[in-house]
Amino acid sequence: MVNAGDMNGSGNLMDFLDEPFPDVGTYEDFHTIDWLREKSRDTDRHRKITSKSKESIWEFIKSLLDAWSGWVVMLLIGLLAGTLAGVIDLAVDWMTDLKEGVCLSAFWYSHEQCCWTSNETTFDDRDKCPQWQKWSELLVSQSEGASAYILNYFLYIMWALCFAFLAVSLVRVFAPYACGSGIPEIKTILSGFIIRGYLGKWTLLIKTVTLVLVVSSGLSLGKEGPLVHVACCCGNFFSSLFSKYSKNEGKRREVLSAAAAAGVSVAFGAPIGGVLFSLEEVSYYFPLKTLWRSFFAALVAAFTLRSINPFGNSRLVLFYVEYHTPWYMAELFPFILLGVFGGLWGTLFIRCNIAWCRRRKTTRLGKYPVLEVIVITAITAIIAYPNPYTRRSTSELISELFNDCGALESSQLCDYINDPNMTQPVDDIPDRPAGPGVYSAMWQLALALVFKIVITIFTFGMKIPSGLFIPSMAVGAMAGRMVGIGVEQLAYHHHDWIIFRNWCRPGADCVTPGLYAMVGAAACLGGVTRMTVSLVVIMFELTGGLEYIVPLMAAAVTSKWVADAFGKEGIYEAHIHLNGYPFLDVKDEFTHRTLATDVMRPRRGEAPLSVLTQDSMTVEDVETLIKETDYNGFPVVVSKDSERLIGFAQRRELILAIKNARQRQDGVVSNSIVYFTEDPPELPPNSPHPLKLRRILNLSPFTVTDHTPMETVVDIFRKLGLRQCLVTRSGRLLGIITKKDVLRHMAQMANQDPESIMFN
């Protein structure tokens, strides 16, 4: 406490901010962090720990614990993310099968698990066993016939509606932030934006539960994107346990980047792809230390998931494939065509989905989220049930489309006409003419493809957890499988054509339709998300198809080129702009020849800049300025006449400092002088105690001159993560440029609505 006393000795007054007070250095909700400041604070903290570590053994041990805390957090994130992913996979399998029937021996078994233990299952009827009964068998003791079909159909729809209603109700009541994919918001948070509660414990719990419900309901969505959100919630939870991360928003984001890698690792069983996904697609600031820690978190998460073994095949990969035929150069042409299809599908999907989401936000449709989910679920279930390729879960569908047709396959897609004289080994079955089952499957796949394309546009963005990876891959896999069968039949019937003559002899196994499905899946996923390197790595980790990297690369690059020709934004960037988040994309180029003076505020005709003076304003003056404006901070100048810049004070810290000073420092009243200098100003006798606020003053705010090109300013904001930048001329303050000003100027230059940027 500072007691009132002789003002002549006020040079010895304690700066009450020498000891940090609660909430200093924190940020308000929906505001951007100052990366430079967070980095500086962490450097100071590290320097303090290093100097203290030389004082005693205990301080040295504490410094070691601090150094290892990052690896401990990564270990905990990997363990929890892997466990949650395994539980989600097992629960989804069971609840998806629950829509069609139940296991009598143990109701918690899925169809596959139920029939594993049966001794009465034959190879041809391996999906049928006495322990597993469809609802019609259980309720009316009929497995065939119109009445059994109608009953199963009705219960399928009822279960789907029940799951979807429960999911949307839980999200709406307990955790509104648990809806959607989560990746657009994660990208924005990692760029430095604050969305309180988005990575909270309630969001983690509700998103995990509702993710199981919505995937089981049969809606056209996946769990992979939301699993990244779940992993980041785990990262946020564990980082809050360590002061190194909980008190520094910049360090916290390093943990979240690694958590995103762990999320993709468990979503696809692709640890290396997860690290690359975090680097290429999600992270804003990704130092080398974060790369190592991301790798470790992804490794632990993958190991944990493998220990749980949710797929029951002792493999980490979701769609393991084993093709016995190499690909040929002539096949690059259909692979590139699939890339073109993926790019066109990506463009179509983004434009239609954003138009629908904008309509949802701006019309009465957005007021009825529960009704929207129920209607879309009902339409999906009614149309999906009659077609076997849409009735099953999307992951199972993709798995079947990726599969090569071996001698033991019973799928309709493998109903080829066999040569009775064939004596080939089992692993090398030659190309054969398609049978009636293949033609029937082609029609069903074509209908399923159209249905998936349309319904996914309306499903993504509803008020439920909804991922886009699996539906996009399903669209590409269906298109790819159909193209693959077409090329296979063309090669069989026209093996004397010049393009087939060199590599496709009669009786040889030339074309693998499953490979085309894999390439098509990669192309469509790339067209929607605009991923390239991480996409290819995820695909070969996902399938185990290491030797097919070149076809995957060709399709991924082609789909990106085609999609970029219609617009540079991927689906996540489009949703970021739709929501008005202040995200300054590193990939965006700024080529316009404008200057800082064209963008800074105040502009001509506007009120002068609100500033603080270094030693001539009272507490009441500062409080009035804060009350009358909504700016996030104020430049501090020598005087309003000279306007020579001293530093920058944040609004939140001014409010907290004055509030704490009134509570902790005697003699501070409304007419006390506020000063930001080292020594107090000369004051008349009997003046109230002055308030020293130098501690909260940023003495090195980033400044540019008024003639700095905006191209340079944009680059500075991107690379340094600035919140604001002051514009000066010869040391005299002219104006300020905030991140929102930069984004609005960029939108204006691109002929977009600048008012769409809502946050700072």
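Analyst: **Cysteines and their partners**

The sulfur of cysteine 232 lies 7.4 Å from the closest cysteine sulfur, that of cysteine 233, so the gap is too far for a bond. A disulfide here is a pair of cysteine sulfur atoms within 2.5 Å. This is a predicted model: local features need pLDDT of at least 70, side-chain atom pairs count only at pLDDT 80 or more, and totals for chains, interfaces and linings use all residues. Residues are numbered from 1 along each chain as its sequence is written, and side-chain values use heavy atoms, with hydrogens and water left out.

Cysteine 232 is buried, at 0% relative accessible area. Buried means under 20%, exposed over 50%, and partly exposed in between (1.4 Å probe, protein chains only). Cysteine 162 is partly exposed, at 41%.

The whole structure holds 2 disulfides. One joins cysteine 103 to cysteine 114, S to S 2.1 Å. Cysteine 103 sits in strand 1 (residues 101–103) and cysteine 114 in helix 3 (residues 111–116), so the bond ties together parts 11 residues apart in sequence. Helices (H or I, at least four residues) and strands (E, at least two) are DSSP runs, numbered from the N terminus. The S-S torsion is about 75°, so this disulfide is right-handed. Cysteine 103 is buried at 2%, and cysteine 114 is buried at 0%.

The other disulfide joins cysteine 115 to cysteine 129, S to S 2.1 Å. Cysteine 115 is in helix 3; cysteine 129 is in the loop between helix 3 and strand 2 (132–134), 14 residues apart. The torsion is about -75°, so this disulfide is left-handed. Both cysteine 115 and cysteine 129 are buried.
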